[in-house]
Amino acid sequence: MNIEQESISQIEIERDTTDMLIGNSFIGFLMTMFAFSGLLFFFESDSPSIFAQKFQVWMVMMGVLIARLLDAIYWRIKLVGTNYNPRPVLIRFSIGLFTTGSIWGLYSILLYPTMATVELAATMVVLSAMSGGAGTVLSPNKYLVGFYTTALLIPMSLCAILDKNGEFFVLGVLGLVFWFGIFTSAFRYHQFFINTLYIKAKNNKLMEQMKIERNETEKVNQLLIASNQKLDASNLNLEAEVERRTAELYRLSNRDPLTDLPNRNGFLKHLNNLLDTTRALDNSLAVLFIDLDGFKQVNDSLGHKIGDIVLAEIAKRLRNYTEDNHLGRWGGDEFVAVIPYANIDTAKAVAHAMRSGVTIPILADDNQITLDATIGIAMFPSHGDAALDLIQHADLTMYDQKRKQRGSVSVFNEALHAEIKIEQKQCERLRTAIENGELSVFYQPIIDVNTNTVFTVEALLRWKCEDDYISPAVFIPLAERSGLMPEIGAWVLNRALIDLSHWSFGNEISMSVNVSVAQMLDDGFSKILDSALKSTQIAPTQLHLEITESVFAIDKKLIGERVSELVDRNVKISIDDFGTGYSSLSRLQSIPFDFIKIDRSFIQNRTEESDTIIRATILMAKEFGCKTIAEGIETAEQKAHVSALGADYLQGFYYAKPMDANNLISWYNENY
């Protein structure tokens, strides 16, 4: 019996079984009466006592059969078709059947010795026939069919087999074989019957479920009809709402919410349409990439609210120089514009006009803000055939021009493209330069003016790529733009301190190492510094960190905190390229430092103005209690002149060019 069958109601199975047993029992009662009466009265008995014994058995059998018949009639009249409890009825039926079977068995055992051959054969035939019928009629209950067929055949068969005369041995064996066949068939019929009942019960259940589901479906159909009526009633309004929302979704996905200009997606769609038209007409157009100069400082100093006001105003102004939807916001403070039917001269004229519009001061919450713009131009079809290619080329042109000269206009050219490709290739090589052993550190001595001895040496990074030395002026900015400077700077710091720990000069010298903006802003720089000092056993006072003065324009508070952390470690601080920045004098008073390096441009340019700056720098350094280092000393005349002005230390080719560690040791041994 599987799980599904077990879920069927057991009481329902018992009721169907009872109905089947009693419903088929009426003919069985009649057959039993006729068969039992025939065997009793058809064969005459020689002895009156035997007849009397038979008659008594017959009377008992008739009484039992009549009682069973009355019980079956009661069942048919009162119980059939009702949800009656089948167990009492089944128990009464079983008692009657057990009694009937027992009487048959008793009849065979008691009267076997008195039976003649014909009577014995007739009795075996009758019992076999009765057993065969019972095997089918009683199959709904395997226990009843098993008992009844056994009670009818086994006693008589055993008597025949055990008969001393052996005349009916074969007949007894046949009786047992017949019993086994009936018994086996009856059990097979029983299983078939039970399966049939389960299928019937399952079908009834499914029918009930179908009826329930049909009712539910009717309810749902009614609800759907009502809903459809409501939907039909509001269909016109819904269509209008869908159209309105579709237009709104299109606007949101294609327009910038701040400036109401096309966003990237919207501008690209419009530009692709313009390109299709321009190709069909065999004409040209220009794509302008516009980046605002100085906008980041507005956001950082005045906040994003003011920044948004400024961007909205700039967008409004730029829109005056383009047709509808020909200007888009690419992102942040970047805009893109397309000028149809334009040549290079037309594109330049529009770009310069846009710059003029941008540079007009903006008043935002009582703040007067002045910006500029750097604009790159790419032409279709000469500079590209696809929308993204044109925008990328204009962007690259703007980026390159921003490095060279902010607030200007430039047109894309293949030389620029080739230069950018070379730069990208160099950037990829630079990423693996440390791993490939391409980087090295050269050293240039810094001389004490008073003692003419080496005071310190400056560590200068060199890169040899494919047998060519790449200028630091090329790869240092490249490393800073690509985010590699913290890693490379840490390598230089460790390499320089390791070399210093191996030198044994006559007097103790210091090591001067340049620190980039990216390193100063890196949260892990202090740990890198501590680790390098600890591993090389170099005293912090022997380390001079050179910081370009332009670093103080990035974030005064943060840089001040980082410099103070270095000073707390007793590391010396040098301000490099002093005098070339726009904010040095206002920043120095809040930043602790030990040395000021006077930029080489003031040394090389022998004018009264340069000398004035040098004297002012030396005087200011003394007021701050620090020393000065003059770079770019190349001649004896320059040495004498700068020494006379009061510089404390000198550095330049006049003393020595930058050299590797081994050559520095040789140079020192030759000169000191």
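Leu-545 is in contact (heavy atoms within 4.5 Å) with Val-513, Val-515, Phe-525, Leu-529, Leu-566, Val-571, Lys-572, Ile-573 and Ser-574, leaving aside its neighbours within four places in sequence. This is a predicted model: local features need pLDDT of at least 70, side-chain atom pairs count only at pLDDT 80 or more, and totals for chains, interfaces and linings use all residues. Residues are numbered from 1 along each chain as its sequence is written, and side-chain values use heavy atoms, with hydrogens and water left out.

**Nonpolar cores**
- A nonpolar core is a set of buried Ala, Val, Leu, Ile, Met, Phe, Trp, Tyr and Cys residues joined through side-chain atoms within 4.5 Å.
- Buried means under 20% relative accessible area, with a 1.4 Å probe and protein chains only.
- The largest nonpolar core has 71 residues, and Tyr-443, Ile-488, Trp-503, Met-511, Val-513, Leu-543 and Leu-545 touch the most other members.
- Helix H17 (residues 485–502) gives the most to this core, with seven residues.
- A second, separate core of 47 residues includes Leu-21, Met-33, Leu-65 and Trp-75.

**Leu-127**
- Leu-127 sits in helix H6 (residues 117–137); helices (H or I) are DSSP runs of at least four residues, numbered from the N terminus.
- Leu-127 counts as buried because its relative accessibility is 0%.
- Leu-153 is 26 residues from Leu-127 along the chain, yet their C-alpha atoms are separated by 6.3 Å.

**Arg-462**
- Arg-462 lies in strand E9 (residues 454–465); strands (E) are DSSP runs of at least two residues.
- Arg-462 is buried yet has no salt bridge, meaning a side-chain nitrogen of Lys or Arg within 4 Å of a carboxyl oxygen of Asp or Glu.
- The nearest side chain of opposite charge, Glu-458, is 8.5 Å away from Arg-462; Lys and Arg count as positive, Asp and Glu as negative, and His and the chain ends are not counted.

Conventions. Buried < 20%, exposed > 50% of the residue type's maximum accessible area, 1.4 Å probe, protein only.
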